[in-house]
Protein chains: 2
Amino acid sequence: MQVDPFSPDYFMGEALKLARQAAGAGEVPVGAVVVCRNRIIARAWNQTEQLNDVTAHAEMLAITAAANHLGGKYLSQCELYVTLEPCVMCAGALAWAQLGKLYYAAADEKRGFSRLASAKGTLLHPKTQIMSGLRAEEARQLLQEFFGRLRNPPSGGTYV
Amino acid sequence: MQVDPFSPDYFMGEALKLARQAAGAGEVPVGAVVVCRNRIIARAWNQTEQLNDVTAHAEMLAITAAANHLGGKYLSQCELYVTLEPCVMCAGALAWAQLGKLYYAAADEKRGFSRLASAKGTLLHPKTQIMSGLRAEEARQLLQEFFGRLRNPPSGGTYV
């Protein structure tokens, strides 16, 4: 079956590819793409280890890259696809960016922004639409495999 | 009266200098320094306009710079001094960084992280100590002057 290259399914697939790239580099596997008028204008994956920087989540890097591409700070005409529910930091950044629509795959019950939703709404900008669960199983599996390997490294060695 | 160069008052004064630098560059005047064992290891000011990036708050840039200096991601042995109460994004980043102690000057009733405190605690790391109000009047005045000028530019022109 061919995947429509302009479908949410396709774009989340691109984010999943980036998450796999993160895993290959020893990073918690999370990938993100920013789409504007059916075009991917930014791609990023979690680089907190490589950049030695807690702020280097996939979403943060994608926001910065997308703004560079657009020459403007606001992403109200854009969608962000990310393989894991954004944390509080990333949700705060997406709020400042006035993101048009957020698609996330796997939920993050411990660190996800949506546990902080209140009667006043979520941490996101009030105009941001939210769609969750798209290709969630693949994203979750990637994360589980990654953390499984950390606990039981195939070489029999240990990680510090 | 001489200011003790190892006092919170002194370090907040340094953050205020950076906030003035931001104002001079047309940025919302917020400055931040990271202190580790009585030494300033990172200085930053808000650069969202210059960098065209909503993530370029003073605190975010200071966290990244401090981690670069230390060669490690965590700031549990550090203090961050910032002239305005951190927003949700910055609080989320400070939580990931496991900041030791946060000093902020002026409160931000609209965007500040503390309005989202719950029975479970604030958005910060549970071990982060918080001290607010230090030199708050100076920080607030800087912000008021900045926004006052935006509304009533001295040239009589208008800002878009």
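Predicted model: local features only at pLDDT ≥ 70, side-chain atom pairs only at ≥ 80, totals over all residues.
**Cysteines.** I looked for disulfides over all chains and came away with zero. In chain A, the cysteine sulfur nearest to that of Cys90(A) belongs to Cys87(A), 3.9 Å away. A disulfide would need the sulfur atoms within 2.5 Å. I also noted that Cys90(A) is buried at 0% relative accessible area, and that Cys90(B) is buried at 0% too.

**Asn52(A).** I next went to the loop between strand E2 and helix H2 of chain A, where Asn52(A) sits. Asn52(A) counts as buried, at 19% relative accessibility. I saw a polar atom of its side chain 3.3 Å from the backbone oxygen of Ala67(B). Its contacts beyond four places in sequence include Gly71(B), Gly72(B) and Lys73(B).

**Salt bridges.** My search of the whole structure gave twelve. Lys73(B) turned up again, paired with Glu49(A) at 2.8 Å between the closest N and O atoms. Both residues lie in loops, one in chain B and the other in chain A, so this pair joins two chains. Lys73(B) is buried at 12%, while Glu49(A) is partly exposed at 46%.

I then followed Glu14(B), which is buried at 7%. Glu14(B) bridges to Lys17(B) at 2.8 Å, about one helical turn away in helix H1 of chain B. Arg43(B) also pairs with Glu14(B), at 2.9 Å. Arg43(B) is in strand E2, so that bridge ties together parts 29 residues apart in sequence.

How values were computed. Residues numbered from 1 in each chain as written. Chains lettered and ligands numbered in written order. Heavy atoms only, no water. Buried < 20%, exposed > 50% of the residue type's maximum accessible area, 1.4 Å probe, protein only. Helix = DSSP H or I, 4+ residues; strand = E, 2+ residues; numbered from the N terminus. Polar contact = N/O pair within 3.5 Å; in protein donor to acceptor, adjacent residues only side chain to side chain. Contact = heavy atoms within 4.5 Å. Salt bridge = Lys/Arg side-chain N within 4 Å of Asp/Glu carboxyl O.
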